[in-house]
Amino acid sequence: MEENNSSERLNKFIDAIMKVARGDYSVQIELSKESDHLDALAIGINMMVDDIRISHETRLENERINLLNVQLLKAKEIAEESDRLKSAFLANMSHEIRTPMNGILGFAELLKEPGLTGDEQQEYISIIQKSGVRMLNIINDIVSISKVESGQMEVSITEIDINDQLEYIHTFFKPEADQHGLQLFFKKALHLKATIVKTDKEKIYAILTNLVKNALKFTYKGSIELGYKIKDDYFEFFVCDTGVGIPKEQQQFIFERFRQGSESLNRNYEGAGLGLSISKAFVEMLGGRIWVESELGKGSIFYFTIPRNANQEEKQINENDKKTMDENNQLHTKAPGLKILIVEDDSASARLLSMSVKVFGGDVMMAGTGFEAIDACRNNQDIDLVLMDIKMPDMDGYEATTLIRQFNKDIIIIAQTSYSLTGDREKALAAGCNDYISKPIDRTSLMNLINKYFYHKESFKSGRS
């Protein structure tokens with residue numbers, strides 16, 4: 001019986017050792033009551049298993065620590081690279097903002113000099129205007145990327161004509177291409193009929209504009225071509241150039257924020273390095289993708305797609321209708337005697353608006369606060385138009401508009417603001433404004449907006465039309 005018991009215990013020892021060999025380090029052999037030589041062996045096996053388990057756990061912990069160290073090192077490298085890129089970006093932004101500001105302030109000061117010829121004045125004014133446009137482009141890029149990162153950027157779907165969009169961009173950039181000695185082409189997938197698609201017109205325009213600007217920046221000779229193809233359920237757009245090309249290693253991060261082909265301050269091109277990042281964000285918001293194919297020294301082709309939709313159709317534009325639309329979009333300066341109230345607390349902006357609306361004749365009144373605007377509208381019921389600034393001391397334009405609407409439902413109120421954030425237009429309309437325009441105010445856009453409400457108005461002020 002004792003021999004059988006010993007054999008049974010030995011089998012348990014062997015079974016325990018086999019479990020350990022398979023990686024089960026929780027095994028422990030139960031001791032008997034006899035405390036014999038087999039119990040001594042069991043104690044030895046249990047101690048051995050404990051040592052193996054501790055060694056195994058230590059090895060796993062060391063591996064975990066090593067992996068954590070690798071991850072921490074990687075995170076440190078990423079953080080350092082991010083800091084480096086942001087520092088380069090901020091240095092570049094300082095340069096990009098201060099350079100046009102230097103042109104604006106410097107040549108504005110030179111305009112004060114006595115004895116300037118007419119040609120010199122026009123040259124200085126042209127430089128100031130170009131510098132202002134350059135700075136506005138930088139600000140617009142910063143605002144756009146901020147909207148994307150904060151989730152404030154929204155998609156506005158309308159019907160657009162792809163061919164018209166390409167033709168407009170080609171016409172807009174052709175003078176700049178000619179100035180640089182470059183040929184600029186555009187290619188339509190459909191020549192006879194205009195392709196209509198439902199998408200976000202402003203974002204398509206921004207994407208194509210950024211890609212063409214990018215091509216112009218890095219192409220010193222040859223040509224640039226933009227166009228599109230129809231592939232399955234997508235429109236595939238392309239902008240192809242014969243420029244300097246992009247190295248393989250840079251193609252991987254060219255669409256990242258704060259990245260450019262070079263972060264060096266001694267590069268020979270301007271820009272904040274946000275255009276491609278904004279384009280990528282817009283493309284993805286529209287349900288497409290963007291990529292680049294490039295060979296160093298031979299040029300680049302940027303592609304992006306947007307989905308075709310079920311409502312897409314092809315239609316022939318009636319030339320008479322197009323002519324009518326063009327006529328309606330022209331500046332109308334024949335409506336006499338508009339009485340306009342400009343509500344603006346900034347004297348320079350007020351002066352600019354006053355000079356811009358002189359073409360409409362009539363009286364121009366000024367108000368510097370919301371309270372003054374309310375009093376002016378209450379005491380002058382014949383005011384036709386209010387250009388309402390939104391950000392003002394004491395009472396903002398939204399509140400002033402709401403209070404004016406309590407006693408005057410018919411007056412046309414156009415909000416004008418420098419915020420230009422998602423929802424601003426909706427806030428203005430909800431407060432009672434008829435329309436909205438963002439600063440800096442483009443004179444042509446303002447004129448067209450005023451025409452919208454007073455051109456062809458049948459019962460305008462004592463029979464005026």
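Which residues in α5 meet which residues in α7? The answer is in point 2.

1. Basis and overall make-up. This is a predicted model; local features need pLDDT of at least 70, side-chain atom pairs count only at pLDDT 80 or more, and totals for chains, interfaces and linings use all residues. Residues are numbered from 1 along each chain as its sequence is written, and side-chain values use heavy atoms, with hydrogens and water left out. The protein chain has 13 helices and 13 strands. Helices (H or I, at least four residues) and strands (E, at least two) are DSSP runs, numbered from the N terminus. Of its 465 residues, 38% count as buried. Buried means under 20% relative accessible area, exposed over 50%, and partly exposed in between (1.4 Å probe, protein chains only). Among contacts with a separation of 6 or more, 69% are between residues 24 or more positions apart. Contact means heavy atoms within 4.5 Å.

2. The α5 and α7 pair. K203, A206, I207, N210, L211 and N214 in α5 meet G275, L276, I278, S279, F282, V283 and M285 in α7. These residues divide into eight nonpolar, four polar and one charged. Here Ala, Val, Leu, Ile, Met, Phe, Trp, Tyr, Cys and Pro count as nonpolar, Asp, Glu, Lys and Arg as charged, and the others, Gly among them, as polar. The axes of α5 (residues 201–218) and α7 (residues 275–285) come within 9 Å and cross at roughly 150 degrees. Axes are lines fitted to C-alpha atoms, for helices over the stretch in contact, and angles run from 0 to 180 degrees between N-to-C directions.

3. K203. This residue lies in helix α5. K203 is buried, with a relative accessible area of 6%. Leaving aside neighbours within four places in sequence, K203 is in contact with M153, E154, V155, F282, M285 and L286.

4. D389 and K439. D389 lies in strand β11 (residues 385–389). D389 is buried, at 3% relative accessible area. Its side chain and that of K439 are joined by a polar contact of 3.2 Å. A polar contact is a pair of N or O atoms within 3.5 Å; within protein, one must be able to donate a hydrogen and the other to accept it, and residues adjacent in sequence count only if both atoms are side-chain atoms. Not counting residues up to four places away in sequence, D389 also touches V343, E344, D345, G397 and Q416.

5. Backbone points to check. Most residues other than glycine have a negative phi, and most peptide bonds are trans. The bond from K439 to P440 is cis, with omega near -5 degrees. P440 is in the loop between β13 and α13 (443–454). D232 has a positive phi, near 55 degrees. D232 sits in the loop between β4 (223–231) and β5 (234–241), and counts as exposed at 69% relative accessibility. D394 has a positive phi, near 70 degrees. D394 is in the loop between β11 and α11, and counts as exposed at 70%.

6. Helix α12. Which residues of α12 (residues 424–431) are buried? They are D424, A428 and A431.
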